[in-house]
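Dear colleague,

Please find below the structure that I am handing over to you. The findings follow directly after it.

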Amino acid sequence: MISFAAEQRFIVTGASSGIGRGVALLLNELGATVIGIGRNEERLQAMKEKARFPENVFLEQKDLVEDIAGLPSYVKQLREKYGKFQGMAYCAGVGELQPLRAVDLPAIHSLFDVNYFAPVFMAKGFADKRNNNGNRSAMVFIASSAGVHCDPGMTSYAGSKGALIATMRSVARELAPAGLRVNCVSPTVIETEMVDDITRSYAEGKYPFGLGKVSDVANVVVFLLSEQSKWITAQNYIIDCGAI
């Protein structure tokens with residue numbers, strides 16, 4: 001059974017909603033201390049109020065793309081404030097349907113800022129040995145099945161997630177000698193606040209078990225952050241109900 005101690009601290013980005021909120025609440029339920037990062041203070045507070053052990057949930061309101069180059073320093077500031085970290089779940093992300101004919105440079109830059117550049121620089125900060133607990137510390141990044149196999153109209157989104165998957169495989173091999181593990185989790189459509197009726201109708205016809213739930217993804221992320229997965233790194237777990 002997976003369990004954590006309160007002394008084990010985890011950064012969770014995107015903690016105010018969706019998969020990030022699910023991961024933060026599950027980590028806390030299993031005993032860990034969570035530093036939840038998100039842009040919306042009200043929704044962060046609502047997440048904390050739902051926590052089993054709210055005294056072990058700390059909130060950080062921040063837009064990660066405001067100063068991407070400064071994110072390693074931000075992780076250092078968090079460590080100075082809370083202590084060294086056992087793990088990080090990068091769950092912040094944005095999706096956008098954008099066929100090739102509609103692609104423009106500012107839009108693709110904006111999407112890559114959230115889905116690729118910010119997680120890379122957060123990883124750089126976490127990997128600094130002064131900021132993590134060393135051997136068996138772990139990072140998990142929410143990518144997407146679109147980074148491996150995608151439908152038309154995902155030019156920018158698929159590119160950002162595919163780049164994230166490839167980069168984190170390289171990072172995992174780089175950090176393995178230090179005992180740090182790095183994995184990606186790549187879900188397809190998950191039932192969150194972002195899913196509209198059109199997407200829901202499409203997905204329900206494609207996936208034999210119906211839409212995925214936040215808990216379906218959170219359970220895998222927390223497993224990969226735990227000691228139960230101590231021999232797993234450089235992997236990308238696709239959660240898509242067998243659609244690929």
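Helix H1 passes helix H7 in a right-handed crossing (a crossing is right-handed if the near helix is turned clockwise from the far one by less than a right angle, and left-handed if anticlockwise). The model is a predicted one, in which local features need pLDDT of at least 70 and side-chain atom pairs count only at pLDDT 80 or more, while totals for chains, interfaces and linings use all residues. Residues are numbered from 1 along each chain as its sequence is written, and side-chain values use heavy atoms, with hydrogens and water left out. Helices (H or I, at least four residues) and strands (E, at least two) are DSSP runs, numbered from the N terminus.

H1 covers residues 18-29 and H7 residues 214-225; their axes come within 9 Å and cross at roughly 55°. Axes here are lines fitted to C-alpha atoms, for helices over the stretch in contact, and angles run from 0 to 180 degrees between N-to-C directions. H1 and H7 are therefore oblique to each other (under 35 degrees counts as roughly parallel, over 145 as roughly antiparallel, 65 to 115 as roughly perpendicular and the rest as oblique). On the H1 side, the residues in contact (heavy atoms within 4.5 Å) include Gly18, Val23 and Leu27, and on the H7 side Val214, Asn219 and Leu225 are among them. By class, this contact of H1 with H7 has ten nonpolar, three polar and no charged residues; Ala, Val, Leu, Ile, Met, Phe, Trp, Tyr, Cys and Pro count as nonpolar, Asp, Glu, Lys and Arg as charged, and the others, Gly among them, as polar.

A second pair is formed by H3 (residues 71-82) and H4 (residues 105-127), whose axes come within 7 Å and cross at roughly 45°. That makes H3 oblique to H4. Their crossing is right-handed. Leu71, Pro72, Tyr74 and Val75 of H3 make the contact with H4 residues including Ala118, Phe121 and Lys124.

H4 also packs with H5: the axes of H4 and H5 come within 9 Å and cross at roughly 15°. H4 is therefore roughly parallel to H5, and the crossing of H4 and H5 is right-handed. The residues of this contact of H4 with H5 divide into 13 nonpolar, five polar and one charged.

Finally, a search of the whole structure finds one cavity of 30 Å³ or more. On a 1 Å grid over the protein atoms alone, a cavity is a set of points where a 1.4 Å probe fits but cannot get out, and lining residues have an atom within 4 Å of a point. The largest cavity has a volume of about 30 Å³, the volume being the space filled by probe spheres set on the points, which are joined across faces, edges and corners. Helix H5 (155-175) and strand S6 (181-187) are the elements that give two or more residues to its lining. Met168, Arg169 and Cys184 are among the lining residues, which divide into five nonpolar, three polar and one charged.

With kind regards

Note on methods:
1 Å grid on protein atoms, 1.4 Å probe; cavity = no way out; pocket = protein on both sides within 12 Å on 5 of 7 lines; lining within 4 Å.
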